[in-house]
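Please go through the model below with this briefing at hand. It covers side-chain contacts, the nonpolar core and helix packing.

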Amino acid sequence: MSKVTNIQSALTKLVEKNYYLHRAARDAYRSYLLAYASHAHKDIFDVHSLDLQAVSESFGFAVPPRVDLNLSHRGDKKTRRNPKKGDRRKG
């Protein structure tokens, strides 16, 4: 067994046992996904094509946690209202 495997399994066990580490790791995982999704080069940084299992393991999870990202399915910017004119525009 390699040292990296030992460290990974130790990290996973530690995150599973400690509530505060689990919560911090989940928040960091969510922040990472949000930052990845908000990157300007969406053709390269497509959050929908990420291997969530591999990403979650790097944060110490055996199974990817469920997180709410509020992302659109198409990946484009949300439509918003212009408060002065009341019309809709891309933004």
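Contact here means heavy atoms within 4.5 Å. The structure is a predicted model, in which local features need pLDDT of at least 70 and side-chain atom pairs count only at pLDDT 80 or more, while totals for chains, interfaces and linings use all residues. Residues are numbered from 1 along each chain as its sequence is written, and side-chain values use heavy atoms, with hydrogens and water left out.

- Leu52 lies in helix 3 (residues 52–58); helices are DSSP runs of H or I with at least four residues, numbered from the N terminus.
- Beyond its neighbours within four places in sequence, Leu52 is in contact with Tyr29, Leu33 and Pro64.
- The C-alpha atoms of Leu52 and Pro64 are 6.4 Å apart, although the two are 12 residues apart along the chain.

**Nonpolar core**
- A nonpolar core is a set of buried Ala, Val, Leu, Ile, Met, Phe, Trp, Tyr and Cys residues joined through side-chain atoms within 4.5 Å; buried means under 20% relative accessible area, exposed over 50%, and partly exposed in between (1.4 Å probe, protein chains only).
- The largest such core has 11 residues, among them Val15, Tyr29, Leu33, Leu50 and Val55.
- Helix 2 (residues 19–37) gives the most to this core, with 5 residues.
- Leu52 is partly exposed, at a relative accessible area of 36%.

**Helix 1 against helix 2**
- Leu14, Val15 and Lys17 in helix 1 meet Tyr19, Leu21, His22 and Ala25 in helix 2.

Methods:
Helices (H or I, at least four residues) and strands (E, at least two) are DSSP runs, numbered from the N terminus.
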